[in-house]
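Hi,

Here is the structure I promised to pass on.

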Amino acid sequence: MLLACPQCLAANRVPDERLTDAPVCGKCGAELTPAHPVELGDAQLARYLANTEMPVLIDFWAAWCGPCRQMAPHFAAAAEQAPGMRFVKVDSDAAQVAAGHFQIRSIPTIVLWHQGREVARHSGAISAPQILQWAQAQLA
């Protein structure tokens, strides 16, 4: 499986059977499968998505958004419970190119990315169990 490093964005090949062994980046040594969301901006998001074969759940949010702040701990909890999926947070104010590319019209919006394309999206704050149930249903 190809995984992008959340720190240096290097592409890393990891055998499927080793994904649960806390693999690290061959270039910088950072953890490739953290159990928490990673924050990415305009400069990193496209490369991260291109170099990651696992499903990626992207949370578009903003610091001033009450529902975004309400959903943040739920998104982090979902990341801890789904080792087979990568979780990414993108500040839509700071990463306006990415928000424009994904045509984000309201926040919070979560976008499920897999196999080089957007699979589904959901707007509005939801709980960790709802996030996981929604994502798993979209991948089924």
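**The pocket**

The lining of the largest pocket has seven nonpolar, two polar and three charged residues (Ala, Val, Leu, Ile, Met, Phe, Trp, Tyr, Cys and Pro count as nonpolar, Asp, Glu, Lys and Arg as charged, and the others, Gly among them, as polar). Before going on: this is a predicted model, where local features need pLDDT of at least 70 and side-chain atom pairs count only at pLDDT 80 or more, while totals for chains, interfaces and linings use all residues. Residues are numbered from 1 along each chain as its sequence is written, and side-chain values use heavy atoms, with hydrogens and water left out.

Among the lining residues are Leu19, Ala22, Glu31, Met54 and Arg86. A pocket here is an open set of points on a 1 Å grid over the protein atoms alone, where a 1.4 Å probe fits, with protein on both sides within 12 Å along at least five of seven lines; lining residues have an atom within 4 Å of a point. Ala22 also has a positive phi of about 50° although it is not a glycine.

**Strand β6**

Strands are DSSP E runs of at least two residues and helices are H or I runs of at least four, numbered from the N terminus. Six of the six residues of β6 (residues 109–114) are buried, so the strand is largely enclosed by the rest of the structure; buried means under 20% relative accessible area, with a 1.4 Å probe and protein chains only. Thr109, Val111 and Trp113 point one way, and Ile110, Leu112 and His114 the other.

β6 runs antiparallel to β4 (residues 56–61), joined by five bridges, and Phe60 has Thr109 as its bridge partner. β6 also pairs with β7 (residues 117–123), again antiparallel, over six bridges (two strands pair if DSSP finds at least two bridges between them). β6 and β7 form a hairpin with two residues between them, and Gln115 in the turn has a positive phi of about 55°. In the loop between α3 and β6 sits Pro108, joined to Ile107 by a cis peptide bond with omega of about 0°.

**The core**

Which residues touch the most other members of the largest nonpolar core? Of its 24 residues, they are Leu45, Tyr48, Ile58, Phe60, Val88, Val90 and Phe102. Such a core is a set of buried Ala, Val, Leu, Ile, Met, Phe, Trp, Tyr and Cys residues joined through side-chain atoms within 4.5 Å. β4 gives the largest share of this core, four residues.

Cheers

Terms used
Buried means under 20% relative accessible area, exposed over 50%, partly exposed in between (1.4 Å probe, protein chains only).
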